[in-house]
Amino acid sequence: MNGTPQGPTATAVAAPGRAWPVVTERHQTGPTGPLAQYSADYRAAFAAAPLALAVVDREGLVVGANDALAELLGADPADLTGRIGADLVDLASDARTWHAYREVLRGRQAKLRCTRRIKHPDGHSLWTQITVSPLPGGERRGAGTALIAAADISARRDLQARLRHLQMHDPVTRLPNRALFFERLTSALEAGAYDDTSTGRIGLCYLDLDGFKAVNDTLGHRVGDRLLAAVADRLTALADEAGYGSASVPLVARLGGDEFALLVEDSTGTDQLTELAETALRTLQEPFDLSGQRLSVSASIGVVERRAAGTTTTGLMQAADTTLYWAKTDGKARWTLFDPERNAHRMTRQALASSLRPAVERDEFVLDYQPLVGLEGGGVSGVEALVRWQHPQFGLLTPNRFIGLAEEDGSIVQLGRWVLRTACRQARRWQLDHPDREPLFVSVNVAVRQVWDSDLVADVADILAETGLAPELLQLELTESAVMGSAGRPLQALQALSDMGVRIAIDDFGTGYSNLAYLSRLPVSVLKLDGSFVRGFQYDEGAYDEAAAHINPADEVIVEALVQLAHRLGLTVTAECVETSGQAERLRKIGCDTGQGWLYSRPVAADRISVLIESSDG
Ligand code: C2E
Ligand code: MG
Ligand code: MG
């Protein structure tokens with residue numbers, strides 16, 4: 001049907017902006033004009049059709065237009081004939097539509113449909129849906145080639161716009177809602193990342209009212225809603241003022257509940273955002289007068305400001321959420337700026353917590369051993385086993401980073417069992433490798449949860465049997481708080497272990513209750529004095545001098561009394577964190593039995609302990 005036009009006529013379509021063509025005879029309507037080919041009935045139907053219509057020839061010139069189109073365009077129907085069809089309904093303003101239109105005229109494309117905004121001469125503009133379809137038989141020169149139909153869809157568009165506004169705004173505060181906020185944030189991030197003319201940065205104040213729930217609960221939701229609306233008004237005024245004279249006004253949105261956001265596109269740096277947050281706090285400080293109710297509220301604000309490139313909506317919102325949480329936990333009624341280091345710490349904690357359990361199965365832990373040295377004779381009598389995590393991502397981690405987490409999620413039970421087995425096996429190995437030497441005992445740290453959540457007694461018995469280590473060569477370190485007030489299960493466990501021949505030591509003594517009288521009634525045989533005591537002995541290494549020995553006399557007096565008391569109660573005393581020979585000397589004089597610390601050795605791998613044993617052999 002639609003043969004491809006050939007020759008010069010194929011390019012003869014009127015170009016946009018071209019001057020009106022001279023109306024020639026062939027453009028006239030009437031029985032002798034091009035539309036004469038159609039019957040009178042059809043012409044009448046065309047003229048009276050409620051849909052705005054125009055017939056154009058293959059050059060794109062209007063051959064005939066009906067009354068509906070004339071009315072739509074605010075023109076006389078007769079004046080439309082001979083005009084450029086594309087200009088009437090704005091088909092030439094964008095290249096793609098223009099191309100598609102020409103393809104229809106040339107018979108290469110079946111149809112074109114698009115939406116166009118048309119300006120009426122009386123000043124108002126209307127939205128139209130334009131359809132251009134080819135007319136059969138239009139190949140003949142001078143005949144109508146295509147039919148342009150224009151439907152007024154302004155009412156529908158208007159309704160759609162109003163619906164969208166409803167969907168995108170919060171009815172209580174009339175602010176943009178979460179959906180619109182995220183839409184704006186997404187496009188702001190895209191624009192910021194690719195637009196050279198902008199600062200390429202973005203900022204967000206994430207605000208949450210303090211104690212809003214109480215307002216709702218005590219004064220009712222109506223007052224709560226009014227308060228939210230009043231807060232919204234103040235924030236909007238503040239944003240308008242902040243944006244005055246600058247390129248963009250911060251977007252104020254209600255993200256839900258009592259949460260608001262101030263989004264600064266194209267921000268200039270953290271200062272701009274913290275200033276905005278500061279002003280927001282000040283603005284909200286003024287009491288609210290809600291139809292007779294005077295209400296004071298404060299708010300907490302998380303502030304994030306960063307480069308748009310590489311920032312995702314989720315990343316930004318997570319950062320804002322974390323920062324708001326910090327503002328709350330730091331005491332509320334304040335703004336807090338996002339701190340990557342604080343965040344990394346939180347992330348690592350999370351990452352560690354989630355990879356802890358599988359790590360035990362994957363065998364990612366190692367033990368170091370630190371010598372326990374007799375203060376009188378200077379010989380190594382035992383070692384403390386100290387666990388380390390060889391983390392595939394974060395490297396070698398000390399126990400302070402993960403023991404707490406392992407206690408929280410219970411994986412300490414499994415980990416503790418592994419530590420116990422590995423330490424006992426190693427102690428037995430040293431004993432077998434050095435049969436002529438007094439065997440070293442191994443001291444293993446035990447967490448409270450191991451006593452409560454696992455059968456520690458059975459585990460110890462099994463491991464001793466399995467490794468062949470004598471119970472006397474095993475010492476278990478528990479903290480004071482773990483054994484304090486222990487009755488029932490923990491006490492029975494301690495008793496059973498002690499009966500087995502295993503020694504119980506109280507670790508970090510002095511940091512907790514320090515109730516010696518109570519401890520002496522438990523099956524405990526060793527006190528490990530916390531490092532903070534020894535740190536009070538501030539002597540220069542090798543420069544012990546009785547006269548200068550009063551730098552921190554209180555500590556010394558206390559330690560001396562402690563040691564005497566412990567001895568009287570049948571306990572031996574080990575001092576932790578012995579770093580200088582001065583400290584060691586003082587401790588020896590006081591009567592302390594054993595020392596542990598960097599003076600003797602840092603915690604080291606098992607083979608280094610073997611070397612140490614060999615050097616002291618014979
Ligand atoms: P802790 O049992 O009091 O262990 C002594 C800590 O003091 C060790 O830290 C050790 O490296 C450190 N230290 C030793 N000598 C000195 C010194 O001269 N100066 C100073 N400043 N520090 C010294 P580490 O290895 O980081 O262990 C920390 C804590 O982790 C341990 O304190 C213990 O409570 C816990 N822990 C270690 N291994 C285990 C384990 O296998 N199970 C359990 N439940 N806890 C463990
Ligand atoms: Mg310990
Ligand atoms: Mg300790």
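Predicted model: local features only at pLDDT ≥ 70, side-chain atom pairs only at ≥ 80, totals over all residues.
**Exercise 1.** Find what the side chain of Asp-210 contacts.

*Solution.* Look at the backbone first: the Asp-210 side chain reaches the backbone nitrogen of Ala-299 at 3.4 Å. Then turn to side chains: here Asp-210 makes a polar contact with Lys-328, at 2.7 Å.

**Exercise 2.** Work out which polar atoms of the protein ligand 1 meets at Glu-384, Val-387 and Arg-388.

*Solution.* Take the residues in turn. At Glu-384, an N or O atom of the side chain lies 2.8 Å from an oxygen atom of ligand 1. At Arg-388, a side-chain N or O atom is 3.0 Å from an oxygen atom of ligand 1. Now for the surface: ligand 1 taken alone exposes 790 Å², and the protein buries 84% of that.

**Exercise 3.** Describe the shell around ligand 1: how many residues does it have, and where do they come from?

*Solution.* Count first: 21 residues surround the ligand, and the closest include Gln-370, Asp-507 and Trp-598. Sort them by class next, which gives 10 nonpolar, 4 polar and 7 charged residues. As for the site, ligand 1 takes up the space of the largest pocket. Strand S14 (380-391), helix H13 (399-409) and strand S18 (503-509) each give two or more residues to the shell. The largest share, 4 residues, is from S14.

How values were computed
Residues numbered from 1 in each chain as written. Chains lettered and ligands numbered in written order. Heavy atoms only, no water. Near = heavy atom within 4 Å. Polar contact = N/O pair within 3.5 Å; in protein donor to acceptor, adjacent residues only side chain to side chain. Areas by Shrake-Rupley, 256 points an atom, 1.4 Å probe, with all protein chains shown as cover. 1 Å grid on protein atoms, 1.4 Å probe; cavity = no way out; pocket = protein on both sides within 12 Å on 5 of 7 lines; lining within 4 Å. Sits in = over half its atoms within 2 Å of the grid points. Nonpolar A, V, L, I, M, F, W, Y, C, P; charged D, E, K, R; others polar.
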